[in-house]
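This report describes selected local features of one structure. It covers the ligand surroundings, the backbone geometry and a helix pair.

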Amino acid sequence: LSIWSAVPAGPPDPILGVTEAFKADKDPRKINLGVGAYRDENGKPYVLNAVKQAEEILVKQNPDKEYLPITGLPEFTQAAAKLAYGSDSVPLNESRIAVTQSISGTGALRIGGAFLGRFYPHTRTIYLPVPSWGNHTPIFRDSGLEVKGYRYFDKKTVGLDFQGMKEDIKNMPEKSIVLLHACAHNPTGVDPTPEQWKELSDIIKEKSLFPFFDMAYQGFASGSTSHDAFAVRHFVSEGHQIALSQSFAKNMGLYGERVGAFSMITADPEERARVDSQLKIVIRPMYSNPPLHGARIASTILRNDELYGLWESEVAHMANRIIQMRDRLHENLVDLKTPGEWSHITKQIGMFSFTGLTQPQTKTLAEKAHIYMTADGRISMAGLNQHNIDYFSESVSKAVK
Ligand code: PMP
């Protein structure tokens, strides 16, 4: 008998499993709207020109391949923190932000979870919005935190359940950890407004909750990195000691390079040094030290004015193409007299749209139209383009009728 004979087969990943089904489909009309990766006007993966130019610079510099320090490339982590917190950030300029490079956003969340699991001095319960990115629950559960939820999305309005959200946050035990999507909430595409963020900051302060921001889409929501950092910067200016996960997967298109950062606000440089020392002890047995290449690319872009300008224009281009697709999809669904209300498609923000399609409808779309999305009706807007938007709209309209 094999040692592993009792290992049960696990379920496929709810998001990456969609790509597998898509790959197996041989129909030329097939569309993959599952995974959240940007596609260009022709449905092709897109390597940013800023990234290509940074790589050319790096080749000329001919750098060595020595190990990075445990917390990564210092020029990169400093530039990443500046991008998130802003160059005028008080804690940044007072050297009291502890920051480490991470294996993209997922790794940042995992480091944060592990650090909180070890050192958070209050009840180690983290509250996630319902729904949230599917990987949040296993990440924090595997980090040793208890995971609970708060109301976020209103199915009736296909918008934010702000009342429910506030009620649930007010009812959390004091000093609980609350996870917030900084912008472009995944999967719903529904964000609080700046006014609502201000209210949330006040309530979270009153209850002494610990805000943990997940910022996987800075720049991708509005096209402007500083606009998308509003919530993070507001909370910091209000004195919250936040934790922050950053990913450069989407905004720099560096998905497989795994570039990210995790940071926390501390009281002063002495405390920051203590926190830094423990971050190293958390990371060292996990993966020792992070990969070089992607961090070098991101740091080259963030620290070079010309490349930074090019990057900003490319982020805006990606965000705007997605916004155009929202307009086209909405227009098409209305023109096709599709039953229901579709204005949420244009109101939602970022990579995804939570269409409101039901599970049987998504199943029909896969089987009859070769269109693949997650079972919750979430579509990656970036998978739509001028060539497939009409076919997609007609197929959705048929599935709903
Ligand atoms: N958080 C959220 C909300 C996300 O949508 C994603 C990517 N799908 C991530 C974190 C992490 O992605 P990555 O590890 O590729 O940076």
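## Ligand surroundings

The structure is a predicted model. In this model the ligand is surrounded by 13 residues, of which Ser104, Gly105, Thr106, Ala216 and Ser247 are the closest. Helix α5, spanning residues 104-119, makes the greatest contribution to this shell, supplying three residues.

By residue class, the shell around the ligand consists of eight polar residues, four nonpolar residues and one charged residue.

Most residues other than glycine have a negative phi, and most peptide bonds are trans. Pro131 belongs to the loop that runs between β3 (125-130) and α6 (136-142).

The loop between β7 (177-181) and α8 (194-206) contains Pro187.

Asn62, although not a glycine, has a positive phi of about 50 degrees. Its position is in the loop between α2 (49-61) and α3 (74-85). Asn62 has 6 other C-beta atoms within 10 Å, and because a residue with 12 or fewer is classed as exposed, Asn62 is exposed.

Arg258 is likewise a residue other than glycine with a positive phi, in this case near 60 degrees. Arg258 is placed in the loop between β9 (243-247) and β10 (259-265). Is Arg258 buried or exposed? Arg258 has 21 C-beta neighbours inside 10 Å; the threshold for burial is 20 or more, and Arg258 therefore counts as buried.

## The α15 and α16 helix pair

Helix α15 (residues 359-369) and helix α16 (residues 389-400) have axes that come within 10 Å and cross at roughly 125 degrees. The crossing of α15 and α16 is right-handed.

On the α15 side, the contact is formed by Gln361, Thr364, Leu365 and Ala369, which meet Ser395, Ala399 and Val400 of α16. The residues of the contact of α15 with α16 comprise four nonpolar and three polar members, with no charged residue.

Notes: Residues numbered from 1 in each chain as written. Predicted model: local features only at pLDDT ≥ 70, side-chain atom pairs only at ≥ 80, totals over all residues. Near = placed C-beta within 6 Å. Helix = DSSP H or I, 4+ residues; strand = E, 2+ residues; numbered from the N terminus. Nonpolar A, V, L, I, M, F, W, Y, C, P; charged D, E, K, R; others polar. Axes fitted to C-alpha atoms, helices over the stretch in contact; angles between N-to-C directions. Left-handed = near helix turned anticlockwise from the far one by under 90°. Contact = placed C-beta atoms within 7 Å.
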